Amino acid sequence: MYDIKAIYEAKSVEHAVQLRMEHPEAVIIAGGSDVLIKIREGRLAGCELISIYGLDEMRGIRKEEDGTIRIGSLTSFSHIHADPLIQKHISVLGDAVNMVGGPQIRAIGTIGGNTCNGVTSADSASTLFAYDAVLEITGPEGVRLCPISEFYLGPGKVDLREGELETAVLIRKESYSGYKGCYLKYGMRNAMEIATTGCSVNVKLSQDKKVLKDLRIAYGVAGPVPRRAKVTEDAVRGSEVSPETRARIGELVLEDVNPRDSWRAAKDFRLHLCSTMAMRAFTQAVRKAGGEIDD
Amino acid sequence: MIIGKSIPRIDARDKATGRIRYTDDLCDKGALIAKIKHANVAHAYVKSVDTSEAEKIPGVVKVVTCFDVPDFRFPTAGHPWSTDPEHQDVCDRLLLTKHVRYYGDDVAAVVAEDEVAAARAVDAIKVEYEELPFVLDVQEAMKDGAPLLHEEYPNNVLRHTSMRKGNYEEAIKEPGLIKVEGWYDTPTVQHCHIENFICFASRENEKIVVVTSTQIPHIVRRVVGQALGIPWGQVRVIKPYIGGGFGNKQDVLYEPLCAYLSLQVGGRLVKLDCSREETFRNNRVRHAIRSHIVTYCRKDGTLVARKLECFSNQGAYASHGHAIAAKGAGAFPQLYPCENVEVDAWTVFTNRQVAGAMRSYGMAQADFAVESHSDDICRVIGMDPMEFRRKNLMPKGYVDAFSKNELYADTFNQCLDKGAAYIDYDRKFKEYQNQTGPIRRGIGFAPFWYNTAVWPIALETASCRMIVNQDGSIQVQVGDTEIGQGADTAFSQMAAETIGVPFDMVHILSCQDTDVTPFGTGAYASRQTYVTGFAIRDCAEHLKDRILDIAYRYTRMQPYLMDIQDGNIIRATDGRVLMSLGDLALQALYDTENSVHITMERTAQAKSNAYSFGCCFAEVEVDIPMCRVKLLNIINVHDCGRLINPALAAAQVEGGMSMGIGYALSEKMIYDEKTGKLLNGNLLDYKLSTFMDHPHLEAQFVENPEPTSAYGTKALGEPPVVPVAPAIRAAIRQATGVALNELPMDPHLLFRRFKEEHLI
């Protein structure tokens with residue numbers, strides 16, 4: 001039995017915005033795989049909820065005319081994993097969301113919930129950071145677009161303002177076209193796990209596959225919110241695809257990350273993982289992109 | 001033959017289709033809900049409890065505090081009671097406590113009309129504490145001046161036992177001996193059965209009726225009586241189907257409190273349903289045991305003198321107490337016989353979760369220490385680990401002076417041969433020597449032995465009642481419980497075999513009710529096919545004699561000329577079917593001259609015990625930079641005597657191996673050093689292994705029927721968990737050269753140790 005004060009069911013996105021305005025204290029619930037846990041733990045006990053789960057208009061994946069991939073915020077992880085557009089253009093995102101929890105959570109959990117929950121460990125988040133995803137946010141003033149790098153304000157805090165809800169995740173053509181990526185999740189077991197560290201790397205190689213034309217590295221749990229390794233990216237962009245470049249990445253990322261020390265994992269261990277995982281994910285991304293690199 | 005067949009378990013269909021009703025399914029939906037106020041300090045005296053706000057919450061029926069409960073101290077261990085006060089379990093519990101001894105201890109309770117009201121009321125109770133210093137580490141707790149948990153136990157030592165054989169001090173003077181020494185630490189872990197603890201209670205006439213998810217209904221009856229200060233006969237305990245126990249439910253948990261709360265609200269129905277978090281925090285856990293082993297041996301691996309000291313972390317209350325450490329310590333001189341041995345075992349209170357029984361009862365801890373040490377000896381003296389075991393393990397013909405247990409067959413060599421053949425040990429062991437590179441493989445193994453039941457340390461008794469129905473089918477009732485392990489199916493096979501009826505003519509009562517079922521101490525140790533087997537065999541033999549005596553009236557054949565086969569009374573001399581058992585039962589019951597309802601009830605006391613044996617082989621791949629172990633292959637080989645049901649036996653082994661894998665690689669309860677709070681008491685942060693973490697689990701058997709057993713059986717329920725961790729440890733050692741002396745061997749430990757050894 002959950003301690004819920006009231007639940008308001010949105011009939012449309014517009015109605016959801018209206019409910020948000022009428023009940024500013026209420027919490028949005030989609031699949032519920034995060035919210036219900038917080039209610040059960042007591043952190044949200046006695047709360048009001050606005051359910052948007054019935055809004056099919058926010059569900060599904062399509063390619064827009066300009067090549068942008070549009071993922072409705074209510075699209076489930078299992079849907080994203082199996083979607084042909086995702087598999088063709090951003091298969092790494094499909095791989096990443098397929099590592100969330102277990103099959104039941106992937107069937108109920110949504111990408112919108114994963115981002116709006118605001119946690120650094122979200123399996124989709126580092127890959128969305130790596131692909132410069134843009135969030136479509138609908139509010140009383142209409143729609144605004146927010147780069148994902150600006151959306152996270154702090155642990156559990158995202159840039160959703162009065163009356164707003166996230167309605168879609170957008171990945172532009174220039175962000176995915178020509179890129180191949182790899183997401184590695186480090187957990188203490190192989191299922192039912194929240195990432196100790198997550199690392200998503202994608203690369204764009206030159207025609208001859210010898211030069212790193214572009215590289216993006218993003219982390220979950222390497223700081224209070226998901227983050228990009230910009231220092232490293234800038235330093236190695238244009239380098240030769242080689243074990244030496246990879247070793248530089250392994251060293252440089254330590255300047256980009258700032259993981260915390262906690263009972264879940266010690267800081268020195270997390271730093272070691274950040275470095276090791278970047279090198280491993282880089283190797284795999286290069287190989288997916290057709291490049292050759294020794295172990 | 002019905003014994004030895006893989007008959008599907010009798011409850012399989014109903015469990016798979018959801019028809020089985022567990023405790024919560026049976027509870028009336030109008031039940032009042034009980035919730036407990038747990039302390040948020042690790043050690044303190046309760047100064048006051050303010051319930052005024054809680055009582056104002058709508059739906060709250062009753063709030064009780066540690067100042068309200070009666071002063072009847074009671075024990076909780078699921079042990080047979082002893083009529084000798086010296087051997088009784090420690091009575092250190094009250095229903096609620098004014099002296100908080102661990103973070104989460106029970107200080108007050110609420111009864112309300114629904115869960116939300118109960119939860120809100122619990123939050124609204126204000127408790128004022130006088131805080132005391134606390135101690136979590138077992139050896140710190142023994143020091144002078146350490147915070148004291150129970151005044152009766154100076155230095156927090158619940159019990160210390162010693163064993164001396166030969167002369168250790170003299171023996172180690174032999175020139176040329178090699179000394180090997182190690183410390184081995186095992187963690188506090190939880191059982192994680194699927195069904196959390198739950199019970200409900202109400203008064204019927206002058207009795208208190210408790211329906212509970214327990215392994216030990218008859219013991220719960222006694223303890224509820226002790227805790228409430230009422231005659232035991234006024235307590236009726238019912239045990240429905242159970243979603244696992246693994247020893248946690250071999251303790252009396254919250255049944256006394258629930259019964260008390262029901263009586264506080266006029267005998268109304270009260271349900272107490274533990275959350276998963278409460279199961280972690282407020283039920284029982286496996287004892288963390290720290291072991292120190294010293295061995296003096298000759299270069300050829302001959303053991304000259306050995307010493308074990310072990311320190312068992314009891315947590316806040318005695319529960320099963322020293323029995324766990326004592327079991328492991330008692331095993332030490334037996335597994336590797338040696339002339340000169342010193343053993344000291346301490347069980348020590350700390351401000352941690354209460355440790356009780358858990359599958360393998362101290363032996364998983366002991367085997368990790370002893371077998372890790374065996375591997376360490378081999379490293380130091382440069383001996384092959386297989387050769388060391390074959391030279392030193394308990395030999396055929398070994399007899400223990402105290403228990404009179406005997407090793408009747410060359411079982412260790414048979415088990416080791418079988419496991420090595422399956423996993424291709426010899427070839428891989430050679431291939432994996434001296435690897436380099438970031439990803440390496442290794443293979444290892446560990447043997448174990450296990451004592452089946454508890455005799456001669458404690459009473460071993462079981463009873464069985466059999467009733468012949470009007471159609472000749474047989475009702476079987478035992479006091480020992482089905483808790484998911486398949487006992488009822490095995491019992492039914494035993495009964496069918498001995499009486500001489502088809503399997504489907506046996507109907508076992510799967511749910512114990514202390515007002516109906518004959519006495520039995522319950523499901524624990526690995527005793528049921530052994531101890532309950534005696535009761536079933538005895539009862540079935542007597543029932544059969546009775547049936548044949550009655551058959552004489554109708555067949556006019558002397559009983560000794562008859563037998564029962566496949567549900568028919570036959571003439572044994574020529575095999576002719578004289579009448580069916582159904583016809584006999586019907587005629588006997590409706591006989592207008594001499595009506596007889598054919599029944600039998602017997603109690604069997606076991607005054608023997610049996611060694612069970614086996615080993616585990618494990619093959620791993622270690623990713624050194626990622627600090628990860630991947631288990632590639634694993635096999636357990638068991639000699640548990642004769643197999644009653646091979647498929648169920650394999651299922652037992654697979655489940656135990658899974659538990660062993662979690663123990664080896666991922667499970668550990670973590671405490672906040674500053675507050676004493678359990679940090680990861682939930683199934684997300686507590687890393688129970690999933691089936692994604694398991695390779696195929698191979699279970700094989702060597703069948704040497706146990707001569708002392710009614711059906712040739714001996715322990716299988718607990719042993720599968722025992723050898724897994726040391727086998728994996730040996731495999732990791734072979735792969736990396738790094739010895740890991742604590743569990744779990746998780747990435748945190750690997751990172752630390754690989755750094756120390758400069759592998760990363």
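User: By what criterion do two strands pair?
Analyst: In this predicted model, the criterion rests on the bridges that DSSP finds between two strands. Two strands pair if the number of such bridges is at least two.

User: Which strands of the open sheet in chain B stand at the edges, and why is one side of each left without a neighbour?
Analyst: The open sheet has three strands in the order β21-β22-β23 (chain B), with antiparallel pairing. Each edge strand has a single partner strand, so one side of it is left without a neighbour in the sheet. The strands at the edges are β21 (562–565) and β23 (577–580) of chain B.

User: Which helix packs on this sheet, and what angle does its direction make with that of β21(B)?
Analyst: Within the sheet, the twist averages 30° from one strand to the next. The helix that packs on the sheet is α16 (residues 528–555) of chain B, which touches β21, β22 and β23 of chain B. The direction of α16(B) makes with that of β21(B) an angle of about 115°.

User: How far apart are the axes of α15 and α16 of chain B?
Analyst: Helix α15 (residues 487–499) of chain B passes α16(B) in a right-handed crossing. The contact includes B:Phe491 and B:Met494 of α15(B), and B:Ile536 and B:Leu543 of α16(B), and its residues divide into nine nonpolar, five polar and three charged. The helices pack at an angle of about 30°, and the distance between their axes is 9 Å.

User: Which element gives the most to the side of domain 2 of chain A that touches domain 3 of chain A?
Analyst: In chain A, 20 residues of domain 2 are in contact with 24 residues of domain 3. On the domain 2 side, α5 (91–97), α8 (123–130) and β8 (152–154) of chain A each supply at least two residues. With six residues, the element that gives the most is α8(A).

User: Which elements of chain B give two or more residues to the side that touches chain A?
Analyst: The contact takes 20 residues from chain B and 14 residues from chain A. The chain B side divides into eleven nonpolar, four polar and five charged residues. The elements that give two or more residues to that side are α4 (115–124) and α20 (747–756) of chain B.

How values were computed
Residues numbered from 1 in each chain as written. Chains lettered and ligands numbered in written order. Predicted model: local features only at pLDDT ≥ 70, side-chain atom pairs only at ≥ 80, totals over all residues. Contact = placed C-beta atoms within 7 Å. Helix = DSSP H or I, 4+ residues; strand = E, 2+ residues; numbered from the N terminus. Axes fitted to C-alpha atoms, helices over the stretch in contact; angles between N-to-C directions. Nonpolar A, V, L, I, M, F, W, Y, C, P; charged D, E, K, R; others polar. Left-handed = near helix turned anticlockwise from the far one by under 90°.
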